[in-house]
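Morning, everyone, and thanks for coming. Let me put the model up on the screen, and then I'll walk you through a few places in it.

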Amino acid sequence: MGRPEKFVKDRTGIMLILAGALLIFWNICSPSGGAAANGQETRTEGTVYSRESVAEQLPQEKQMAEARNAWQEAGCLQLAGSSSMEKYAGALAESFMEMYPDVAVTLQFTGSSAGIAAVTGGSADIGMSSRYLKEKEKAAGAVENIVGFDGIAICANSANGVSGLTGEQLSRLYTGEIRNWSELGGSDFPVVLIGREAGSGTRNAFEEQLGLADQCTYANELDSTGAVMARIAVTPGAVGYASLEAADRIGGLTEAEGGGADGMAESGAETALIVLSLDGAEPSMANIRNGSYPLYRPFIMVTRGEADNGNELVRAWFAYVRSVEGESIAEGMKIVTEP
């Protein structure tokens, strides 16, 4: 009779040991250190926890949340693209960084096509384009965000003896049908056609506006607006195109206060470069708005996907561009935000 009694006692002890081990195992491996099902509370050393309050209760989780918030307030925004947008984008970036001192905005002016490719390839946050997107670029995920419209001014060397052209004459110049300025009543100089490089948004917009894609006979193809203006200024017979802001700045024109319907007047300064009228209208913001000057192109900031779905910095950038301060910067750069 003694053996069965001893066996029962031994068995009971073993069961108690196993139960204790299982309890320890459960406390170690159970989520939240033995917490009950989602939304329920469990007590550990007199402190009440719940799944909803874990991030607030645990110091490590709170520190991580604060670090994430701090990171979101700082960062780097990368823009790349059209050199025609250089002064405008630079002014926006400078003002934006004053408002957000923990943010760095980097700018690269590599041409519209390169800027669009940088966005779709992931090496830039925003691309700058002075032409509309092509279907293949849209298919790659690029989205147009039009921020304004810029006039394309026709600039010529003052020695050419011509102050204005019609749209037809301009087209005939760039296809090589008119080869000497004397054919337009000007000086006896051969026409020297200056243009931008392939892939330039300015060139693309100019040729599309005139219906001259792949038909222009350029003597020189240059890679920046400044290079175009400089070449025209030192080359009798030269003619080219540039943004309205660049033509106004380099061509010796100023925005006259109360100075006529188009708001443009000659400064009186001697210059080797002049801006030509087109179909009787001067290139100006007022004439773009009233429709009398037909040659202008969009200024576009390109995003990969919709801008409103971008990261916090991208959304903040576009909010600033569209703000009163942003539109004031555009006006100062002679960019028409509402044509």
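Let's begin at Ala281, which sits in the loop between β14 and α12 (285-290). Those labels are DSSP runs numbered from the N terminus, with helices being H or I of at least four residues and strands being E of at least two. Is Ala281 buried or exposed? With a relative accessible area of 7%, Ala281 is buried; the word means under 20% relative accessible area, while exposed means over 50% and partly exposed is in between, with a 1.4 Å probe and protein chains only. Setting aside neighbours within four places in sequence, Ala281 touches Asn287, Ser292 and Tyr293, where contact means heavy atoms within 4.5 Å. Pro294 is 13 residues away from Ala281 in sequence, and their C-alpha atoms are 8.9 Å apart in space.

A quick word on the ground rules. This is a predicted model, in which local features need pLDDT of at least 70 and side-chain atom pairs count only at pLDDT 80 or more, while totals for chains, interfaces and linings use all residues. Residues are numbered from 1 along each chain as its sequence is written, and side-chain values use heavy atoms, with hydrogens and water left out.

Now the whole protein. We have 14 helices and 15 strands, and of the 339 residues, 42% are buried. If you take the contacts with a separation of 6 or more, 69% of them are between residues 24 or more positions apart.

On to the strands, starting with β7, residues 146-157. How many residues of strand β7 are buried? The count is 11 of the 12, so β7 is largely enclosed by the rest of the structure. For pairing, I follow the rule that DSSP must find at least two bridges between two strands. β7 pairs with β15 (residues 296-304) in the antiparallel sense, over 5 bridges, and here Ile146 has Ile300 as its bridge partner. β7 also pairs antiparallel with β11, residues 238-243, over 5 bridges; look for Ala153 opposite Ala242. Then there is β14, residues 273-278, which is antiparallel to β7 over 4 bridges, with Cys155 standing opposite Val275.

Let's stay with β15 for a moment. This strand is mostly covered, with 7 of its 9 residues buried. Besides the pairing with β7, β15 pairs with β5, residues 126-129, in the antiparallel sense over 3 bridges. You can find Gly127 of that pairing opposite Val302. β6, residues 142-143, runs antiparallel to β15 and is joined to it by 2 bridges, and there Ala142 faces Arg304.

Next, the helices. How do α5 and α14 cross? The axes of α5 (residues 86-99) and α14 (residues 324-332) come within 10 Å and cross at roughly 150°. Axes here are lines fitted to C-alpha atoms, for helices over the stretch in contact, and angles run from 0 to 180 degrees between N-to-C directions. The two helices are therefore roughly antiparallel to each other; the classes are under 35 degrees for roughly parallel, over 145 for roughly antiparallel, 65 to 115 for roughly perpendicular, and oblique for the rest. On the α5 side, the contact uses Tyr88, Ala91, Leu92 and Ser95, and on the α14 side, Gly326, Ile329 and Ala330. By class, that contact has 5 nonpolar, 2 polar and no charged residues. Nonpolar covers Ala, Val, Leu, Ile, Met, Phe, Trp, Tyr, Cys and Pro, charged covers Asp, Glu, Lys and Arg, and the others, Gly among them, are polar.

α5 also packs against α13, residues 312-321, at an angle of about 110° with the axes 11 Å apart. That makes α5 roughly perpendicular to α13. From α5, the contact takes in Tyr88, Ala89, Leu92, Ala93, Ser95, Phe96 and Met99, and from α13, Leu313, Ala316, Trp317, Tyr320 and Val321. The residues there divide into 11 nonpolar, 1 polar and no charged.

One last stop is Val314, also in helix α13. Val314 counts as buried because its relative accessibility is 5%. Neighbours within four places in sequence aside, Val314 is in contact with Leu77, Asp125, Thr303 and Ala307. And Ile126 is 188 residues from Val314 in sequence, but their C-alpha atoms are 7.8 Å apart in space.
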